[in-house]
Amino acid sequence: PVSLAMVAHTAGVSRMTASRALRGRPEVSPGTRRAVEKAAARLGSKPNPEIGQLMGRLRSLSTGENTQT
């Protein structure tokens, strides 16, 4: 599997910047976002929806939100 560190290294950015770019955060410049997305595609990286769901639950727990339905 392709790691975030591999994508960041290939794009020439930090892991945090690569993470922000892949999540579509507004503080990442369009050029940097394109570089990260290009690096991810070149390495064959694919989004993992399960990780996104897990991170959402962890954020909810850390802020005290109730995740029970």
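## Salt bridges, core and helix packing

A search of the whole structure, a predicted model, finds two salt bridges. Side chains of opposite charge can pair when their charged atoms come close. Here Glu27 takes part in both pairings, one with Arg20 and one with Arg25.

| Salt bridge | Closest N and O atoms |
|---|---|
| Arg20 with Glu27 | 3.6 Å |
| Glu27 with Arg25 | 3.4 Å |

Arg25 is partly exposed at 36%. Glu27 falls in that class too, with 45% relative accessibility.

**The core.** In soluble globular proteins, nonpolar side chains tend to be buried together. The largest nonpolar core of this model has nine residues. They are Val7, Ala8, Ala11, Ala18, Ala21, Val28, Val36, Ala39 and Ala40. Three helices each supply at least two residues of this core: helix 1 (4-11), helix 2 (15-22) and helix 3 (30-43).

Val36 is one of the core residues. What does Val36 touch beyond its neighbours within four places in sequence? Its contacts there are Val7, Ala11, Val13, Ala18, Ala21 and Leu22.

Ala40 sits in helix 3. Its relative accessibility is 7%, under the 20% limit, so Ala40 counts as buried. With residues up to four places away set aside, Ala40 touches Val7, Leu22 and Ser45. Val7 is 33 residues from Ala40 in sequence. In space, their C-alpha atoms are 5.4 Å apart.

**Helix 2 against helix 3.** Two packed helices are described by the angle between their axes and the distance between the axes. How do the axes of helix 2 and helix 3 cross? They come within 9 Å and cross at roughly 90 degrees. That angle lies in the 65 to 115 range, so helix 2 is roughly perpendicular to helix 3.

From helix 2, the contact involves Thr17, Ala18, Arg20, Ala21 and Leu22. From helix 3 come Thr32, Arg33, Val36 and Ala40. By type, the residues of this contact divide into five nonpolar, two polar and two charged.

Definitions and conventions:
Residues are numbered from 1 along each chain as its sequence is written. This is a predicted model: local features need pLDDT of at least 70, side-chain atom pairs count only at pLDDT 80 or more; totals for chains, interfaces and linings use all residues. Side-chain values use heavy atoms; hydrogens and water are left out. A nonpolar core is a set of buried Ala, Val, Leu, Ile, Met, Phe, Trp, Tyr and Cys residues joined through side-chain atoms within 4.5 Å. Buried means under 20% relative accessible area, exposed over 50%, partly exposed in between (1.4 Å probe, protein chains only). Helices (H or I, at least four residues) and strands (E, at least two) are DSSP runs, numbered from the N terminus. Contact means heavy atoms within 4.5 Å. A salt bridge is a side-chain nitrogen of Lys or Arg within 4 Å of a carboxyl oxygen of Asp or Glu. Axes are lines fitted to C-alpha atoms, for helices over the stretch in contact, and angles run from 0 to 180 degrees between N-to-C directions. Angles under 35 degrees count as roughly parallel, over 145 as roughly antiparallel, 65 to 115 as roughly perpendicular and the rest as oblique. Ala, Val, Leu, Ile, Met, Phe, Trp, Tyr, Cys and Pro count as nonpolar, Asp, Glu, Lys and Arg as charged, and the others, Gly among them, as polar.
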